[in-house]
Amino acid sequence: MRYDYLHDAVKEKQPRAILEVGTWNGARALCLLTLSPQSKYYGFDLFEDATAETDAEEFNVKAHNTVSDVRARLVGFDVKLHKGNTRETLADFNEPVDFVWLDGGHSIETIRSDWENIKRCLMPGAVVFFDDYFTGGGIDTTKIGCNELVKELKHEILPIRDWVVGDGGTQIVRVFP
């Protein structure tokens, strides 16, 4: 599974602060925090503020979760959840982080905004992963996914690919800031 890259990296790094864009139901957060229980976790998502319109804009196909449900899943860990559009919530975020999992909105505009806001918070030696590098199929990577953005960055496309509905696959990209 492509998420094994994240698990291995967090086990090795034991980060002080994890930032996840796209917390969704908190399952990935729980896994990462279980592997590095002393880490502070910052999670960003629309949560219950998501709408059919935001789903269409961000190419989202997943169900929505509430902040309270996710918070309940993460009891016992040092967690701060941020509800709202990351184009706004990340602009106000100023905490240092050394592990980033960027898997929120899928539009290139949102991914670019998320990255621009996160860069300034990176500690030296930070580990950064982007999801949604699309290959094959009819996906227009000039509008969706991180493909266009990572072209501008030092990066490595990790080999494990998961197939997406329709045609093509998605991979994780490690970025070296």
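## A β-α-β unit

In this predicted model, strand S4, helix H6 (residues 108-119) and strand S5 make up a β-α-β unit, and the unit is right-handed. To find it in the structure, follow the chain from S4 through H6 and on to S5.

How do S4 and S5 run relative to one another, parallel or antiparallel? They are parallel, with five bridges joining them. One place to look is Leu102, whose bridge partner in S5 is Phe130.

## Strand S5 and its other partner

S5 also pairs with strand S8 (residues 169-175). Here the sense is antiparallel, and the pairing extends over six bridges. On this side, Phe134 has Thr170 of S8 as its bridge partner.

How much of S5 is covered? Of its 14 residues, twelve are buried, so the strand is mostly covered.

## Aromatic pairs

Now for the rings. A pair of aromatic rings is described by how far apart the centres are and by the angle of the planes. In this model the count comes to five aromatic pairs.

One of them is formed by Tyr3 and Trp101, with 6.0 Å from centre to centre and 90° between the planes. What kind of pair do Tyr3 and Trp101 form? The pair is edge-to-face, because an angle over 60 degrees counts as such. Tyr3 belongs to the segment before helix H1 (4-13), while Trp101 is part of strand S4 (residues 97-102), so this pair ties together parts that are 98 residues apart in sequence. Both Tyr3 and Trp101 are buried.

Phe99 and Phe129 give another example: their ring centres are 5.9 Å apart and their planes meet at 50°, so this pair is tilted. Why does the pair tie together parts that are 30 residues apart in sequence? It does so because Phe99 lies in strand S4 and Phe129 in strand S5 (residues 122-135). These two residues, Phe99 and Phe129, are buried as well.

## A cluster, and charges over rings

Aromatic residues can also be found in a group here: Tyr42, Phe44 and Phe93 form one aromatic cluster.

Some rings have a charged residue over the face. Which residue lies over the face of Trp24? That residue is Lys62, at 4.4 Å from the ring centre.

Definitions and conventions. Residues are numbered from 1 along each chain as its sequence is written. This is a predicted model: local features need pLDDT of at least 70, side-chain atom pairs count only at pLDDT 80 or more; totals for chains, interfaces and linings use all residues. Side-chain values use heavy atoms; hydrogens and water are left out. Rings of Phe, Tyr and Trp (its six-membered ring) pair if their centres lie within 6.5 Å; planes under 30 degrees apart count as stacked, over 60 as edge-to-face and the rest as tilted. Helices (H or I, at least four residues) and strands (E, at least two) are DSSP runs, numbered from the N terminus. Buried means under 20% relative accessible area, exposed over 50%, partly exposed in between (1.4 Å probe, protein chains only). A charge sits over a ring if NZ of Lys or CZ of Arg is within 6 Å of the ring centre and within 35 degrees of the ring normal. Two strands pair if DSSP finds at least two bridges between them. A crossover is right-handed if, with the strands pointing away from the viewer, the path from the first strand over the helix to the second runs clockwise.
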